[in-house]
Amino acid sequence: MRSYYVVVKWSITAHVAIPNGAAGHYLLGLIYRYTDREKVAIHHFNQALSIDPLFWSAYEELCVLGSAEEAASVFGEAAAHTVQKQHVLFSQTFVTSSEDVNQVSCRSLDDRSPGQLKNANNSNVKDATGNYQGTGGPSVASNQSLNCASSSFSFYNTPSPMASQMSGMAPPPVCRNIQQNPASASSENFPRSVVNTTLQAPRRKFVDEGKLRKISGRLFSDSVPRRSTRLAGEVGGGSNSTATASTGNGTNHSTKHLGSSRLSSGGLRSVTVRKPQASIGESFDEGIRHEAFDDPRRSSRASISTSSFCDTSSAEQDGGTMGMNQNACDDTRVHRGAVDIMSLWTLLGEGYRLSSMYKCKDALEFYQKLPLKHYNTGWVLSQVGRANFGLMDYFEADRAFSLARRQCPYSLDGMDVYSSVLYLLKEDMKLSYLAKELLSTDRLAPQTWCAMGNCYSLQKDHDTALKNFQRAVQLNTRFAYAHTLCGHEHVALEDFDSGIRSFQNALLVDSRHHNAWYGLGMVYLRQEKFEFAEHHFRVASQINPRSSVIMSYLGTALHYLKRNEEALLMMEKAILADKKNPLPLYQKAIVLFSMDKYDAALEVLEELKEYAPRECSIYSLMGKIYKRKNVYDKAMLHFGLALDLKPSAADVATIKAAIEKLHVPDDLDDFL
């Protein structure tokens with residue numbers, strides 16, 4: 001009933017929109033996985049990948065669950081198109097957000113009071129007669145409306161490359177828009193305020209300023225008098241101009257006398273000190289007296305303006321065409337980049353998927369296809385070490401993990417497996433150094449305490465090793481490998497019940513953790529519960545079908561169940577899976593010995609001596625076979641060789657008992 005309720009509830013909520021897109025689906029997948037609802041978890045992980053093909057963590061979870069599709073189908077051409085679309089949407093969103101930010105900043109500038117504007121422009125605003133030439137005075141700034149493109153607040157925007165080149169030049173003349181300044185109180189201050197107003201006038205760039213100055217110079221070069229002539233004439237008529245230009249309150253009413261009044265002021269002399277600003281003063285004067293120009297000059301000026309506008313429009317069209325070509329190039333570059341990323345992730349993903357399925361040889365082939373700059377990274381090298389560990393090639397695993405440590409000395413990824421590799425190689429010095437380095441790196445990482453536990457376990461201090469493994473479980477209760485190592489230590493202390501509980505806790509965390517299934521099989525094998533042992537070994541073999549060790553012990557369980565033919569077939573599979581592993585050969589010899597196939601067993605043992613020449617159990621079994629064949633001298637020879645190899649105390653007692661009963665028939669031996 002509960003399962004039906006879960007299925008119905010999931011079918012109802014499957015069509016509900018999940019917030020946060022791929023991240024939301026990923027989090028839901030984790031929740032469903034941690035609550036043992038793997039099918040729903042797989043669905044959400046797949047949804048996260050379909051929304052965002054670059055969501056690597058979702059693909060990792062699918063690999064751990066054993067439900068990941070081939071990387072070529074997940075990170076294929078469709079994924080590249082999805083990434084490209086996401087890039088375009090992100091670019092558009094970024095541009096829109098940037099425009100919104102600019103609008104908000106412009107609005108904030110518009111809302112500023114005149115006093116704040118005065119303080120902001122205090123360093124830039126100077127009188128025209130001073131050492132610096134600003135863009136306007138406080139009286140002008142209070143009467144003007146600001147926009148976000150104003151030169152007074154250019155520091156709020158990205159500086160233009162033309163700013164440094166045009167900083168010493170005034171804007172082009174806009175003569176028809178000149179307004180009188182009513183704020184002037186006397187004729188003495190009047191010319192300076194007018195000049196400041198003209199310089200502060202808003203600028204509209206339709207054509208290039210340099211071109212406009214050249215055009216105005218060519219148009220008005222004949223009609224403009226020389227500077228010395230104008231100044232001489234103005235000195236003579238200065239008094240009359242001043243009297244005519246002012247009325248009772250000092251307000252100007254004549255546009256004709258405005259030019260002479262300005263030219264007689266000291267402010268104009270300061271403007272005309274530099275050549276560019278002298279031309280601006282001249283064009284300014286010419287713009288005031290535009291009624292004196294004849295029609296041909298007006299028509300020529302209009303034609304030049306029209307041609308300039310046509311040039312500008314053609315330039316804009318060319319710029320639009322170039323922009324379209326640039327967008328096309330950008331799209332091509334983005335697509336090529338997405339395809340390159342997907343091809344890289346195909347190799348990484350397929351290698352990780354095959355490694356999770358314990359197809360370690362195939363995984364290594366994909367990792368070796370990577371470019372060197374990607375292969376020689378900490379993550380890839382640690383995955384190579386894991387694959388070699390699965391193949392029981394501990395020397396290559398040690399080399400790969402050492403390189404990974406050299407590339408990323410502070411990474412803890414795979415260090416628990418590396419400590420197990422050093423444990424199996426009996427490298428006590430390297431294991432102690434690794435544990436110390438990890439302890440100095442992170443005392444709160446479970447990998448650190450797994451390495452510490454393996455170090456003590458190698459020294460046969462199983463109690464201290466168990467405490468370290470339990471500390472790793474305390475730090476991360478979902479660290480399955482720490483539960484498994486606790487189980488092995490309980491078995492070493494012959495606490496089988498606690499060992500079973502530890503292995504079961506590991507399976508609650510990860511049902512595909514084959515080491516826990518293998519550990520349970522070993523416990524039941526030692527307890528002589530052969531049916532249970534066979535079941536757990538078989539499940540472990542289904543998870544990891546290429547492990548020769550699991551297949552060997554499965555064959556041993558079948559042998560104890562008197563299913564010798566099946567046991568021999570399983571031993572043959574184990575030998576083919578790993579020809580360097582001596583365990584299946586030894587187990588095969590035992591099965592052949594129990595089936596009274598002595599010659600076949602001796603052949604297997606002779607072959608086995610080449611792989612393990614110092615293994616005492618091989619010579620002990622050969623002595624038993626020669627005793628059965630009544631070849632007592634060879635039996636005594638092999639028993640003596642077994643004793644010379646310094647076996648354990650239990651094996652020493654067994655071998656000595658066999659020597660004492662060497663001439664006793666087997667029937668009486670069993671009776672005794």
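Glu 534, Arg 538, Arg 563 and Glu 566 join up in a network of salt bridges. This picture comes from a predicted model, in which the salt bridges number eleven.

**Within helix H29**
- Arg 538 and Glu 534 form a salt bridge, and their closest N and O atoms are 3.1 Å apart.
- Helix H29 (residues 530-543) holds both partners, which sit four residues apart, about one turn of the helix.
- Glu 534 counts as buried because its relative accessible area, 13%, falls under the 20% cut-off.
- Arg 538, at 31% relative accessibility, is partly exposed.

**Within helix H21**
- Glu 396 and Arg 399 also meet through their side chains in a salt bridge, at 3.3 Å from N to O.
- Both residues belong to helix H21 (residues 394-407), with a spacing of three residues, about one turn of the helix.
- Arg 399 is partly exposed, with a relative accessible area of 48%, and Glu 396 is partly exposed too, at 33%.

**Between helices H31 and H32**
- A salt bridge brings together the side chains of Lys 588 and Glu 572, with an N to O distance of 2.4 Å.
- This pair links distant parts of the chain: Glu 572 lies in helix H31 (residues 564-577) and Lys 588 in helix H32 (residues 582-594), 16 residues apart.
- Lys 588 is buried, with a relative accessible area of 16%, whereas Glu 572 is partly exposed at 33%.

Note on methods:
Residues numbered from 1 in each chain as written. Predicted model: local features only at pLDDT ≥ 70, side-chain atom pairs only at ≥ 80, totals over all residues. Heavy atoms only, no water. Salt bridge = Lys/Arg side-chain N within 4 Å of Asp/Glu carboxyl O. Helix = DSSP H or I, 4+ residues; strand = E, 2+ residues; numbered from the N terminus. Buried < 20%, exposed > 50% of the residue type's maximum accessible area, 1.4 Å probe, protein only.
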